Amino acid sequence: MALNPHDLFDVRSLLSEEERAVQDTVARFTNERVLPIIGDAFDQGRFPRELVEDIAGLGLLGSSLPEQYGCAGLNAVSYGLICQELERGDSGIRSFVSVQSSLCMYPIFAYGSEEQRMRWLPDMAAGKVIGCFGLTEPHGGSDPANMKTHARRDGDDWVLNGSKMWITNGNLADIAIVWAQTDDGIQGFVVEKGTPGFEAQEIKHKMSLRASVTSALYFDNVRVPEANRLPNVKGLKGPLGCLTQARYGITWGPIGAATACLEEVLAYTGERILFDRPVAATQSAQIKMAEMARRITLAQLLVLQLGRLKDAGAMQPAQVSLAKWNNCRMAIDIARECRDLLGGAGITTEHAAIRHALNLESVITYEGTETVHQLVIGRELTGINAF
Ligand SMILES: Cc1cc2nc3c(=O)[nH]c(=O)nc-3n(C[C@H](O)[C@H](O)[C@H](O)COP(=O)(O)OP(=O)(O)OC[C@H]3O[C@@H](n4cnc5c(N)ncnc54)[C@H](O)[C@@H]3O)c2cc1C
């Protein structure tokens, strides 16, 4: 029996029935709703907001959170499969879901009061309230401890000043989860759109994640009520806890992008006749595609074990770092190689490879650059902090 070229080790057989059903549902959504429009959306630099209602309707927002907040209550492996299938369409669509789910709904769930959970989570799960997450600042995202944005207590309010940079969903968002220095360490605040002194400015001229909104946020004496402070966390472990959740999803996403590129190039090289034979009949093309399949297979097995560890409550941040580093590097190398195998045809968005390659430039950078994750593993191995 022929093997499935996109799942050579039959990793799917290791999934539960429910996990397979989740994968199939999201795969159908990507095929029917994302793929027909995404090339144009990327060209136009437009986030396809019209997809949000269906994304919410499928239960993909905050999918791991409990049903009492209007969420699907799925396990971590299912969340990973959601990310993988969405990113087979486009990293921008997966980024939207990652930010809403892991960077905005998760902190409200994990660090918020019950009142805050009930106030925001059901509407966020329904896609009626969109969130963004403000941690990175203009002077250097890799060192978030050096945070300049600060919040000062003033009566029943807090007064925020500072700025955030490279914020996904910034101009779409109804609420921003903003991390700021206080006299009592770093704390998280829910800043609502329209609050005086709060401004979002979209970042233009991006060559990557063009079907995603990225913004700078500015805070000029923004008054935030005490009721909007997340009460149950203090210190950098607050935002870092969110990033571990989001990075976990990101370890799965690039597998989708890489698979899409391999699928495209298998079809193209099978039909492209050069020197009287298909390009796929040449040894060098086969070696390149075999190499891609090898790396995708390893990535699939890596994230499945990571997901099982997460579901067992045993996942460590350093394991997420290794998987994020490996899988982003795997996917960006494959997307670039596929672009090359498409020849000139590979430079337009009519084919997906260049769009994925460009998107992956962001994916390999955000949520900790490749270097940062390498240094995390170095620290784990040696016990020496080399940052
Ligand atoms: C499209 C996009 C969306 C994003 N969305 C969000 C979001 O929603 N919310 C948010 O808060 N942030 C977001 N980010 C920010 C992202 O997390 C940062 O870009 C990232 O953390 C890197 O920070 P930086 O860009 O300031 O680069 P820098 O930190 O300035 O890094 C510059 C270079 O220095 C290297 N470097 C850093 N430290 C070391 C070291 N110790 N040794 C050697 N080299 C080092 C880095 O690897 C990198 O190559 C987004 C970024 C992008 C591009």
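Domain bounds here come from an automatic or database domain assignment. This is a predicted model, in which local features need pLDDT of at least 70 and side-chain atom pairs count only at pLDDT 80 or more, while totals for chains, interfaces and linings use all residues. Residues are numbered from 1 along each chain as its sequence is written, and side-chain values use heavy atoms, with hydrogens and water left out.

I will start with the second largest pocket. A pocket is an open set of points on a 1 Å grid over the protein atoms alone, with protein on both sides within 12 Å along at least five of seven lines; a cavity is a set of points where a 1.4 Å probe fits but cannot get out; and lining residues have an atom within 4 Å of a point. Volume is the space filled by probe spheres set on the points, which are joined across faces, edges and corners.

The second largest pocket has about 550 Å³. Domain 1 (11-125) and domain 3 (237-382) each give at least three residues to its lining. There are 25 lining residues, with Asn4, His6, Asp7, Arg12 and Gln23 nearest the centre. Helices (DSSP H or I, at least four residues) and strands (E, at least two) are numbered from the N terminus; α1 (17-44), α3 (76-89), α6 and α7 (283-311) each supply at least two residues to this lining.

Now the largest pocket, at about 1200 Å³. Its lining has 47 residues, and those nearest its centre are Gly141, Thr365, Tyr366, Glu367 and Gly368. Among the elements giving two or more residues are α4 (91-111), β3 (157-168) and α6 (237-271).

A backbone N or O atom of Leu135 lies 3.0 Å from a ligand oxygen. A polar backbone atom of Trp166 is 2.7 Å from a ligand nitrogen. For Thr168, a side-chain N or O atom is 2.8 Å from a ligand nitrogen. The protein covers 68% of the 990 Å² of accessible area the ligand has on its own (Shrake-Rupley method, 1.4 Å probe).

How values were computed: A polar contact is a pair of N or O atoms within 3.5 Å; within protein, one must be able to donate a hydrogen and the other to accept it, and residues adjacent in sequence count only if both atoms are side-chain atoms.
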